[in-house]
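Open the model in your viewer and keep the selection tool at hand. This tour goes stop by stop.

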Amino acid sequence: MTQTASIFLSLSIALLSGLLLSRLAKQVKLPAVTAYLIAGVLIGPFILGALEIPGIGITKEQIDGFGLISDLALGFIAFAMGNEFRLAQLKKIGRQAMVIGVVQALFTTVVVDAVLIALHFLMPDKLSLPAAIVLGSVATATAPAATLMVVKQYKAKGPVTDMLLPVVALDDAVGLVVFAVSFGVAKSISTGAVDVLTVVLEPLLEVVLSLGLGFVMGLLFTQCEKYFHSRSKRMAVSVTFVMMTVAISCLKFTVGGIHIGFSSLLACMMLGTVFCNICEVSEELMDRADRWTAPILILFFVISGAELELSVFADWAVVIIGIIYIISRSIGKCYGAHISAKMTKSNPNIIKYLGITLLPQAGVALGMAIKAIELGPDGAIVRNITLFAVLIYEIVGPYLTKVALTKAGDIREEGRTSAREEHLAKKALNQ
């Protein structure tokens with residue numbers, strides 16, 4: 001079998017396994033995203049992929065090659081989240097979302113840092129001080145992909161959902177800055193040298209430049225869309241600009257000793273925000289883009305499941321520290337959201353349930369963990385604990401998000417019908 005045939009067969013099996021398992025998940029009332037992740041684990045390098053049969057399962061080498069799909073999927077997820085920043089919506093909840101997004105993220109960092117630094121003194125040979133500090137900043141990140149998929153699958157609508165998506169987006173922006181500062185401090189402790197550029201300037205530049213890139217691309221997108229009138233071509237323009245923004249976001253360069261890079265999540269989110277606030281037909285185009293990206297998102301989650309490192313369970317220290325990290329982060333997210341929502345006099349359901357919906361963690365946290373590898377042995381600890389936490393959060397988090405949104409009344413199970421049922425009902429009427 002040729003390499004191309006093997007790749008296509010692996011991707012088709014990944015897609016099919018995710019779809020089939022989502023049917024089983026529906027029977028036990030689990031979100032589809034959880035099924036996709038479990039499917040990825042089953043066909044990944046630790047189970048089916050370990051057999052190394054061409055086309056059956058996903059090997060470690062193939063996962064590295066599938067990075068293109070993950071980058072593109074995250075770009076479309078961020079683009080869709082930009083839809084939540086319409087000015088009309090921000091006038092209602094903008095101040096509350098800003099306060100909640102910042103306060104709960106910082107509160108979570110403080111809680112996790114305090115717990116893990118205390119743990120460092122109890123287990124200094126297993127958890128170093130730099131690793132504890134970095135893990136506190138990694139805790140800020142929430143997985144926008146899993147959250148958005150749950151909201152879309154169940155067509156969630158209500159005050160908690162309206163607040164959730166902007167807060168998740170802000171969460172990652174705050175997280176990038178907090179991580180860069182914490183990483184700079186941790187590096188200073190490890191090397192004994194303080195680098196102000198790394199600690200302060202570079203993270204701020206990344207956020208500002210990413211938002212600037214997204215703003216410019218959003219203006220160009222809006223102007224370009226006017227030249228096309230058919231739905232298919234306008235949708236193609238949407239795909240083109242998301243791909244182009246992701247591509248430019250991958251550029252990294254150094255100017256005068258300052259490392260300059262972009263966050264594709266922030267850039268694509270701003271792309272969507274600008275487009276949705278300027279283009280009169282943005283809602284229709286966003287809806288069509290969602291349909292086009294559905295298979296890509298399924299593949300993204302199956303591949304994400306395959307990336308989960310089951311080997312982290314082999315080290316008892318990682319398991320213990322990981323469990324403590326998960327508990328302290330969960331407390332930080334839930335109480336941080338509760339306190340900040342109460343401060344802003346938000347809807348009672350937001351105060352009660354928002355924190356639970358912020359628990360999923362994946363892409364952004366893993367990106368931070370990969371960056372932390374620069375710390376050497378301390379970075380390896382951060383990576384392994386983050387991998388352990390992501391494994392647990394990604395499988396349990398979407399279900400908890402669904403439960404919280406259901407209890408808040410944003411998800412209504414009754415009266416939902418499938419597209420097949422609607423088609424058959426129409427056919428019966430016509431006869």
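**Stop 1: a charged pair**

Select arginine 234 and glutamate 225: their side chains meet in a salt bridge, 3.0 Å from N to O. The term means a side-chain nitrogen of Lys or Arg within 4 Å of a carboxyl oxygen of Asp or Glu. Side chains of opposite charge can pair when their charged atoms come close. The structure holds one salt bridge.

Before moving on, note that this is a predicted model: local features need pLDDT of at least 70, side-chain atom pairs count only at pLDDT 80 or more, and totals for chains, interfaces and linings use all residues. Residues are numbered from 1 along each chain as its sequence is written, and side-chain values use heavy atoms, with hydrogens and water left out.

Are the two partners buried or exposed? Arginine 234 has 8% relative accessibility, so it counts as buried. Glutamate 225 is buried too, at a relative accessible area of 7%. Buried means under 20% relative accessible area, exposed over 50%, and partly exposed in between (1.4 Å probe, protein chains only).

**Stop 2: helix H10**

Now select residues 231-249, helix H10. Helices are DSSP runs (H or I, at least four residues), numbered from the N terminus. H10 has 19 residues and reaches 27 Å from its first C-alpha to its last, close to the 27 Å expected at 1.5 Å a residue. The expected span is 1.5 Å times one less than the number of residues. Buried residues in H10 include Arg234, Val237, Phe241 and Thr245.

**Stop 3: helix H4**

Go to residues 67-81, helix H4. Its 15 residues should span 21 Å at 1.5 Å a residue, and the end C-alpha atoms are 21 Å apart, which agrees. H4 is mostly covered, with 12 of its 15 residues buried. Among them are Ile69, Leu72, Phe76 and Phe79.

**Stop 4: a nonpolar surface patch**

Select Leu42, Phe46, Ile47, Leu48, Leu51, Ile53 and Ile56. Together they form a nonpolar patch on the surface, with about 570 Å² of accessible area. Patches take residues with over 30% relative accessible area and no salt bridge; like charges are joined within 9 Å, nonpolar side chains (Val, Leu, Ile, Met, Phe, Trp, Tyr) within 5 Å. Areas come from the Shrake-Rupley method with a 1.4 Å probe; for residues, only the protein chains shown count as cover. Zoom in on leucine 51, in the loop between helix H2 (32-43) and helix H3 (60-65). Leucine 51 is exposed, at a relative accessible area of 53%.

**Stop 5: serine 22**

Serine 22 lies in helix H1 (residues 3-27). At 15% relative accessibility, serine 22 is buried. What does serine 22 touch, not counting residues up to four places away in sequence? Show Ala32, Ala35 and Tyr36. Contact here means heavy atoms within 4.5 Å.

**Stop 6: cysteines**

A disulfide is a pair of cysteine sulfur atoms within 2.5 Å. Cysteine 268 is buried, at 0% relative accessible area. Next, cysteine 276: its sulfur is 8.4 Å from the closest cysteine sulfur, in cysteine 279, too far for a bond.

**Stop 7: two lysines in loops**

Most residues other than glycine have a negative phi. Lysine 155, between helix H7 (144-153) and helix H8 (159-191), has a positive phi near 50 degrees. Lysine 345 has a positive phi of about 55 degrees. Lysine 345 is exposed, with a relative accessible area of 73%.
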